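Hello,

Here is the structure I said I would pass on. My notes on what turned up in it follow below.

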Amino acid sequence: MGEHILSWMTFFPVIGAAVIAFIPSERKEVIKTVAAAAAAVPLILAVKLFMEFDRATTSFQFVEHYTWIKSFNIEYFMGIDGLSVPMVLLTALLSFLCVIASWNIAKAEKGYFALFLILEAGMMGVFCALDFFLFYVFWEVMLLPMYFLIGIWGGPRREYAAIKFFLYTLAGSVLMLLAMIAFYLNTTDPVTGGHTFNMLHMFDQANHNSWLQLTNIRHLLWLGLFIGFAIKVPIFPFHTWLPDAHVEAPTAVSVILAGVLLKMGTYGILRISYPMLPDAAVWFAPALAILGAINILYGAYCAMAQTDMKKLVAYSSVSHMGYVLLGMAAFTEAGINGAVLQMFNHGTITAMMFLCVGVIYDRAHHREINGFGGLGLQMPIYTSVFSFALFAALGLPGLSGFVGEAMIFMGVFPVYRTVAIVSALGLIIGAAYVLWMLQRVFLGPKNDKYDDLPDISTRELVTLVPIGILVLLFGVYPMPVLNLMKASLNNLIKVVAG
Amino acid sequence: MELLHVNIPNWSDLATHWRPEVMLVGTFLLALLGDLVVRGRRPAVPFTVALVGLTMAGICAVRKLGVEGGTVMGDLVVVDGLAAFFRILFIFTGLATVLFAWTSEEIMGKKRENKGEFFALTVLLTLAACVMAEARDLLMLFLSMEAVGIVSYVMAGYMRGSLRSTEASLKYVIFGAVSSAIMLYGLSLLYGMTGSMQFEGIRAGLQTGDVNAFGLLVAVVLVMAGMSYKIAAVPFHYWAPDVYEGAPTPVSALFSVGPKAAGFALMIRFFYTTLAAGPDANASAGLIAQINWPLLMAVISAATMTYGNLVALRQANVKRMLAYSSIAHVGYLLMGFVLLTDAGLQAILFYLLVYTFMNLGAFFFVVAVNNHLKSEHLDDWVGLGFRMPWAASLMIIFLGSLTGIPPFAGFAAKLYLFTAVMDRQWFWLVIVAGLNSVISLYYYFKVAKAMFLMSPPEGADMSPLKLHWLQYTVLGVLAIPTLALGLFFGRFKGLADRAIEMMTTGL
């Protein structure tokens with residue numbers, strides 16, 4: 001597996017899904033074990049990747065490059081750099097933990113785990129693909145499993161949430177598709193002279209023909225790509241699918257949605273929009289910063305108004321992704337490194353929060369913040385784990401959430417002073433909704449209704465503790481992640497902003 | 001007058017170029033005769049004859065692929081790359097239909113009489129469709145279209161006892177007659193303007209430049225009207241939903257693919273030969289300048305896809321929904337016609353290939369469900385995904401492909417169409433088509449929602465349903481290319497490309 005490590009990481013889950021399809025549906029334990037094994041392999045390979053990744057170079061590593069469809073110049077081109085590595089690690093980690101977290105799924109297990117593994121393959125592929133067509137295929141491959149995962153195993157309004165998610169994302173991807181075709185038709189492969197889907201050729205502005213150099217066209221293409229990615233992030237005003245999808249999805253799927261899928265939006269902007277259309281990126285940067293600020297404040301205010309725990313966490317994601325946008329818009333070293341670090345950290349922190357919400361939902365069968373009270377006495381271990389996640393979310397120094405946000409503000413302040421100051425209010429509101437929820441759920445007089453709730457189980461702890469360790473570790477010493485991405489990201493700034 | 005200049009048919013041409021067609025004629029006659037011998041009591045006889053005949057014709061057609069073609073019947077028809085491509089498509093469609101109809105209650109149900117006829121008629125329709133793809137003469141164009149039409153009328157009304165089926169047939173006949181008449185008028189104008197029945201003669205006549213632009217526009221619009229009826233393009237689509245809904249489902253499946261693809265084959269040959277400037281196919285420079293062909297086609301295309309998709313949104317009957325969806329797909333296909341470029345026509349061919357697999361698959365799934373539930377209504381389909389998980393999963397593949405999302409073949413097909421149109425900067429059309437794909441997602445996945453997402457009402461029958469092994473096989477055979485052509489389409493796209501190249505260089 002050494003040679004084609006990225007392909008193995010991407011397609012091993014697919015093999016697992018295929019195997020699961022042929023296991024009789026009564027053999028539930030077998031199905032779950034196969035799923036766990038299929039998700040474990042990418043995780044092990046991710047560790048290997050982490051060890052072997054060369055931190056000094058800015059070029060792509062672990063590259064696999066083959067001709068796929070010759071007549072259309074489509075290539076099977078996989079490779080990773082400092083931008084994609086954190087995302088690949090995050091995907092492998094969360095996917096495995098989510099399989100474990102799904103152990104108590106009690107409906108059509110076979111379909112659930114098969115779809116989940118296909119979903120993992122799609123996510124992994126998005127972060128590894130270096131051919132635009134390949135990227136697009138992986139991007140879309142996720143939609144179908146996600147639709148069914150929300151739609152079959154979700155909450156009461158699952159049908160609505162599932163199709164809403166599907167329609168929103170597809171609308172965005174169609175715009176991306178059109179932009180992709182425009183790039184394909186107007187980029188020349190320097191070697192063959194034909195059209196190309198190769199992203200590296202698209203990055204090189206010298207390969208763009210004169211049509212693609214028109215400012216208006218570039219701005220339009222940027223917008224097309226941006227809306228496609230913005231729906232995924234989601235950026236205000238394209239965010240309305242998110243609360244529905246997150247709330248209705250089963251716990252593990254919410255984790256994947258918030259932990260990985262949202263990152264694909266910002267990843268797409270950094271991977272595709274920035275280097276392909278650097279001038280447009282700079283032109284739109286102030287707008288991006290303002291949208292980031294809107295996301296931060298709007299998401300935080302919405303979170304404050306929620307009475308459903310899961311919805312609160314969902315809106316907190318909107319708010320936290322706003323910080324990422326803000327950092328990206330600055331084009332400073334601290335800003336962009338902070339943004340990608342925040343992508344990784346938000347993935348881990350929000351995963352913890354969703355898992356914690358899932359724990360209480362499994363026991364109490366509701367998530368009403370006002371329906372609990374004094375849970376700290378009843379479930380002490382659970383309370384400390386959830387509080388840990390919540391403090392990480394509000395940006396407590398010493399936990400990883402703080403590092404990314406601090407770096408972002410350091411990077412943004414010199415460039416967009418007013419926006420940075422306004423956005424900083426989001427930190428306060430963030431603390432407010434987190435603490436208020438903490439108080440209502442865990443503190444105060446004990447609610448007698450929940451006298452017999454058992455504390456968090458070992459299996460649940462197994463999913464939470466590894467993430468918790470990472471949150472703590474990267475809060476104290478974020479260099480392992482920062483070192484991974486620094487070289488590539490600094491190079492990106494140089495390319496885009498000169 | 002060229003009309004009078006008809007060569008004596010050369011029998012050796014028949015044997016070399018027209019072997020599959022000759023086989024189809026033989027199969028049709030044998031199937032009829034066989035049915036007569038067993039007095040309609042043992043449909044297995046015509047079924048077997050049709051099966052064997054279609055298979056043999058299919059093998060023969062595949063072996064002729066890429067072989068230098070030629071004209072048959074005194075230049076009335078030509079067997080070239082285009083014809084060879086479509087011939088295989090039609091025979092495959094006929095074969096799949098015959099196989100699936102064999103398991104369909106609607107066709108083979110106990111109370112039905114004259115079951116054997118169905119198989120003979122399917123062969124005849126296949127034959128007529130093949131000729132449509134080969135016609136290069138106004139006379140043959142009209143004859144083959146009428147042949148397809150008349151067989152279709154009979155098949156639509158196949159369930160004689162059923163009011164729905166009879167109504168469908170009658171509607172089909174009336175609409176068909178009117179549109180044939182309109183087209184005939186257009187053809188006569190063309191003949192009058194150019195003095196030739198042959199497509200190439202018409203082009204030569206038009207190229208003299210001595211043609212009234214308005215007259216040409218009227219003629220083209222009238223001819224286009226007749227063909228729009230055949231492919232069910234707006235505004236000549238009104239028959240389609242009623243006929244598809246009323247006809248037995250295997251017949252609807254056949255209609256939604258066979259005659260439609262034949263219509264496209266004919267349109268490609270007719271309009272490309274008569275209107276495009278030449279083999280290099282930068283058509284916008286040539287004759288076409290006299291009429292605004294691109295705009296005409298772009299408007300028809302956009303209107304057709306938008307209408308089909310919007311109306312399909314509101315359908316609760318799956319068969320009717322698929323009928324509107326097939327109208328929408330005609331809209332996508334017409335995008336390739338806008339510029340009459342090679343890339344556009346090649347995209348049409350590839351799209352038709354993919355469309356054949358996915359649309360037949362979707363319709364056949366309806367047949368399979370119909371056998372058990374006797375209903376095409378979505379309300380009755382709730383929970384079906386857990387009663388027939390494998391078949392329903394295949395249906396998801398067909399639906400995903402019809403929507404046009406990767407990794408399914410429908411996406412690759414759309415990609416080619418979009419690219420061909422975008423290459424000539426028709427952005428608004430591509431944007432309309434893109435938005436239409438999003439709209440179509442909603443209704444296609446209404447089926448997925450009913451089958452998998454919705455909870456069945458209390459006490460609903462949730463017992464597993466088993467399909468006939470033949471149904472699993474055919475659905476599987478259709479699903480494989482629907483999936484594989486989305487990821488590895490190079491070779492099959494090459495087939496479509498060569499078919500168009502052979503036609504254009506043969507001019």
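**Overall make-up**

Chain A contains 20 helices and two strands. Its radius of gyration is 22 Å, against 23 Å from the globule rule for 498 residues, so chain A is as compact as a globular protein of that length. Please keep in mind that this is a predicted model.

Along the principal axes, the C-alpha atoms of chain A fill a box of roughly 75 × 60 × 40 Å. Of its 498 residues, 59% count as buried. Among contacts in chain A with a separation of 6 or more, 79% are between residues 24 or more positions apart.

**The two strands**

Strand S1 (residues 61–69) and strand S2 (residues 74–80) of chain A run antiparallel and are joined by six bridges. One pairing places A:Gln61 opposite A:Ile80 in S2(A). The two strands form a hairpin with four residues between them, and A:Asn73 in the turn has a positive phi of about 55°. Five of the seven residues of S2(A) are buried, so this strand is largely enclosed by the rest of the structure.

**One helix pair**

Helix H3 (residues 84–101) and helix H14 (residues 333–364) of chain A pack with their axes 10 Å apart, at an angle of about 5°. H3(A) and H14(A) are therefore roughly parallel. On the H3(A) side the contact involves A:Pro86, A:Leu90, A:Leu94 and A:Ala101; these meet A:Val340, A:Phe344, A:Gly347, A:Ala351, A:Leu355 and A:Gly358 in H14(A). By class, that contact has eight nonpolar residues, two polar and no charged ones.

Regards

Notes. Residues numbered from 1 in each chain as written. Chains lettered and ligands numbered in written order. Predicted model: local features only at pLDDT ≥ 70, side-chain atom pairs only at ≥ 80, totals over all residues. Buried ≥ 20, exposed ≤ 12 C-beta atoms within 10 Å, placed from the backbone. Pairing = 2+ DSSP bridges. Axes fitted to C-alpha atoms, helices over the stretch in contact; angles between N-to-C directions. Parallel < 35°, antiparallel > 145°, perpendicular 65-115°, else oblique. Contact = placed C-beta atoms within 7 Å. Nonpolar A, V, L, I, M, F, W, Y, C, P; charged D, E, K, R; others polar. Rg over C-alpha atoms; globule rule 2.2 N^0.38 Å.
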